[in-house]
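Thank you all for coming. I would like to walk you through one structure this morning, going slowly from its sheets to its core, its rings and its charged pairs. Please have a look at the model first.

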Amino acid sequence: KKQYKSRPAYFDISLDGNFKIHNISQEPVLNLGDKGSFDEFGIYPFCPIEVKDEVYAVYAGWTRSVSVPFDVALGLAKANRDRTRFERIGVGPVISKSQYEPFVISRPKIRFFNGRYFLFYIAGSRWIRIEEGKLDIQYTIRMAVSDDLLSWRKLNRELIKPVRKGLESQASPDVFQVGNLYIMMFCHREVGNFQNKSRGYELGLAFSKDLLNWKRCDSRLVLELQNSLWDNESQNYPHVFKLPTGQHFLLYTGNG
């Protein structure tokens with residue numbers, strides 16, 4: 001019943017953490033796909049990257065299904081000269097379901113390390129019936145590598161080991177580099193009834209020296225939430241960025 005579209009917004013951030021958002025577009029930066037295409041019903045999320053003087057973006061295309069609620073695959077788009085609109089490169093996805101990733105492919109974050117493009121995303125491993133007429137999906141964090149943004153080599157395995165007692169779903173992997181260390185922030189929840197506080201999304205943390213092998217260290221991530229009413233039950237969808245001053249900032253969403 002919902003349609004998702006991506007729009008650009010530009011913001012300034014001061015050193016005290018205050019944001020000023022301006023120049024919000026009134027039109028989508030990328031229109032929905034044609035009939036029968038993988039992005040006919042929605043486009044979300046959307047991750048741009050600068051390549052020399054041009055901007056490309058990997059995005060998730062959403063389509064309706066019959067036996068399950070939806071399906072998602074990843075497409076590639078390129079910005080126009082003033083970076084206000086994107087045009088898709090090809091009608092089909094650049095990464096979609098496969099033998100080792102049989103369900104939903106979503107939440108792309110593209111990064112450039114050591115002369116290659118790394119795409120971190122999530123892949124569904126199974127649909128689970130949690131009650132009559134209601135399904136939920138378990139998904140885990142995956143990775144693919146490319147030299148040209150078009151041809152991707154999947155790692156075809158999970159990057160982060162689960163820690164929850166029940167089935168764990170992981171989402172929104174965001175990787176950044178500090179010295180010789182790679183740091184991943186992500187979020188995780190329990191499959192089924194995740195609106196419940198004890199089963200809802202929490203932020204996770206992992207470290208790697210080679211981008212292939214990751215050590216999970218959630219306990220090292222400390223957020224002071226004692227008096228925070230907007231994110232005391234759920235912390236979701238992290239995004240980390242660095243200012244020229246060297247400071248790292250974290251954006252995330254909260255309850256609901």
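Before I name any pairing, let me say that two strands pair if DSSP finds at least two bridges between them, and that helices (H or I, at least four residues) and strands (E, at least two) are DSSP runs, numbered from the N terminus. What you see is a predicted model, in which local features need pLDDT of at least 70 and side-chain atom pairs count only at pLDDT 80 or more, while totals for chains, interfaces and linings use all residues. Residues are numbered from 1 along each chain as its sequence is written, and side-chain values use heavy atoms, with hydrogens and water left out.

Let me begin with the sheet in which four strands follow the order β11-β12-β13-β14, an open sheet with antiparallel pairing. Its edges are β11 (168-178) and β14 (215-216), each of which has a single partner strand, so one side of each is left without a neighbour in the sheet. Inside this sheet, β12 (residues 181-190) and β13 (residues 202-208) are joined by seven bridges in the antiparallel sense, with Met-184 standing opposite Ala-206 and Met-185 having Leu-205 as its bridge partner. On to the next pair: β13 and β14 also run antiparallel and are joined by two bridges, and Phe-207 has Lys-215 in β14 as its bridge partner. These two strands form a hairpin with six residues between them, and Leu-211 in the turn has a positive phi of about 70 degrees.

How many of the residues of β13 are buried? Taking buried as under 20% relative accessible area, exposed as over 50% and partly exposed as in between, with a 1.4 Å probe and protein chains only, six of its seven residues are buried, and the strand is mostly covered.

There is also an open sheet of four strands in the order β7-β8-β9-β10, again with antiparallel pairing. Here β7 (105-113) and β10 (153-154) stand at the edges with a single partner strand each, so one side of each is left without a neighbour in the sheet. Seven bridges join β7 to β8, and one of the bridge pairs is Arg-111 with Phe-118 in β8.

Now to the interior. In soluble globular proteins, nonpolar side chains tend to be buried together. A nonpolar core, as used here, is a set of buried Ala, Val, Leu, Ile, Met, Phe, Trp, Tyr and Cys residues joined through side-chain atoms within 4.5 Å. The largest such core has 53 residues, and those with the most contacts inside it are Ile-110, Phe-120, Met-184 and Trp-214. Strand β8 (residues 116-131) gives this core its largest share, eight residues. Apart from it lies another core, of 12 residues, including Val-29, Leu-30, Ala-57 and Phe-86.

Next, the aromatic rings. Rings of Phe, Tyr and Trp (its six-membered ring) pair if their centres lie within 6.5 Å, and planes under 30 degrees apart count as stacked, over 60 as edge-to-face and the rest as tilted. The structure holds 11 aromatic pairs. Trp-62 and Phe-70 are stacked, at 6.0 Å centre to centre with 25 degrees between the planes. Phe-70 also pairs with Trp-127, and here the centres are 5.4 Å apart and the planes at 75 degrees, so the pair is edge-to-face. This second pair links distant parts of the chain, with Phe-70 in strand β5 (residues 70-79) and Trp-127 in strand β8, 57 residues apart.

Finally, the charged pairs. A salt bridge is a side-chain nitrogen of Lys or Arg within 4 Å of a carboxyl oxygen of Asp or Glu, and the whole structure has 14 of them. In one, Arg-88 meets Asp-39 at 2.8 Å, N to O. Arg-88 lies in strand β6 (residues 86-88) and Asp-39 in the loop between β2 (19-22) and β3 (42-51), so the pair ties together parts that are 49 residues apart in sequence. Asp-39 counts as buried at 0% relative accessibility, whereas Arg-88, at 25%, counts as partly exposed.

To return to the sheet we began with, Glu-168 and Arg-216 form a salt bridge (2.8 Å, N to O), which links strand β11 to strand β14 across 48 residues, and both residues are buried.
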